[in-house]
Amino acid sequence: MSEPASISAGIAARYATAIFEIAKENNDLKGLETGITDLAAALAESADLRGLIASPLVSRAEQEAAITAIAKKMKLGAVLANSLGLMAQKRRLFVLPQMLKALQDALAEERGEVTAEVTSAKALTKTQIEKLTKTLSEQVGKSVTINATVDETLIGGLVVKVGSKMIDSSIRSKLNSLQNAMKEVG
């Protein structure tokens with residue numbers, strides 16, 4: 001991770017931790033989850049919103065007024081709305097996408113869930129996803145949610161990432177290993 005990216009991740013993590021802890025103290029984790037889901041969807045759909053949080057040309061006051069109006073219009077909870085206003089005052093809205101991801105991870109951890117990133121050569125069927133979810137849940141000891149993507153360059157097999165662990169059973173990686181082994185021999 002590059003230095004600016006790690007700085008952004010650190011800022012996002014601190015805000016996410018504070019927001020999560022306050023929401024937990026107020027017994028409003030459900031409201032927080034609804035708010036971050038709505039805000040993440042708005043960020044994904046609106047180029048103007050992404051521009052607002054990233055542009056250095058927009059003043060602090062304009063950012064704060066805009067994000068406060070957006071939070072009010074979206075009926076976000078007080079904790080999240082106030083945090084967004086504070087982030088605008090401190091010129092920290094640029095970390096909003098990373099903060100939302102950190103909050104989603106914290107909420108999943110609180111529920112005892114973990115997300116597995118699964119990449120396959122072809123789209124997995126519903127049955128395959130169910131079997132993989134069951135197997136991973138048994139291995140991890142937590143409820144597993146699968147985020148599946150397709151990468152045809154894998155040729156076949158799967159690449160599964162759960163937390164810091166990665167299992168690469170793709171044919172591409174096996175061919176690369178074979179190629180490396182053959183280079184060592186010759």
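## Close-up views of a predicted model

View 1. Asp151 has a relative accessible area of 24%, so it counts as partly exposed (buried means under 20%, exposed over 50% and partly exposed in between, with a 1.4 Å probe and protein chains only). This is a predicted model, in which local features need pLDDT of at least 70 and side-chain atom pairs count only at pLDDT 80 or more, while totals for chains, interfaces and linings use all residues. Residues are numbered from 1 along each chain as its sequence is written, and side-chain values use heavy atoms, leaving out hydrogens and water. Asp151 forms a salt bridge with Arg172, with the closest N and O atoms 3.7 Å apart (a side-chain nitrogen of Lys or Arg within 4 Å of a carboxyl oxygen of Asp or Glu). Asp151 sits in the loop between strand 2 and strand 3 (158-162) and Arg172 in helix 8, so the pair ties together parts 21 residues apart in sequence. Helices (H or I, at least four residues) and strands (E, at least two) are DSSP runs, numbered from the N terminus.

**View 2. Glu33 meets Arg111.** Here the closest N and O atoms of the salt bridge between Glu33 and Arg111 are 2.9 Å apart. The two are 78 residues apart and link distant parts of the chain, with Glu33 in helix 2 and Arg111 in the loop between helix 6 and strand 1 (113-120). Glu113 joins Glu33 and Arg111 in a network of salt bridges. A search of the whole structure finds six salt bridges.

**View 3. The largest nonpolar core.** This core has 32 residues, and Leu32, Leu80, Leu84, Leu96, Met99 and Leu103 touch the most other members. Two or more residues come from each of helix 1 (3-25), helix 2 (29-45), helix 3 (47-54), helix 4, helix 5 (78-89) and helix 6 (96-110). Helix 1 gives the most, with seven residues. A nonpolar core is a set of buried Ala, Val, Leu, Ile, Met, Phe, Trp, Tyr and Cys residues joined through side-chain atoms within 4.5 Å.

**View 4. A nonpolar surface patch.** Ile155, Ile171, Leu175, Leu178 and Met182 make a patch of about 500 Å². Patch residues have over 30% relative accessible area and no salt bridge; like charges are joined within 9 Å, and nonpolar side chains (Val, Leu, Ile, Met, Phe, Trp, Tyr) within 5 Å. Accessible areas come from the Shrake-Rupley method with a 1.4 Å probe, and for residues only the protein chains shown count as cover. Leu178 lies in helix 8 (residues 171-185) and is partly exposed, at 48% relative accessibility.
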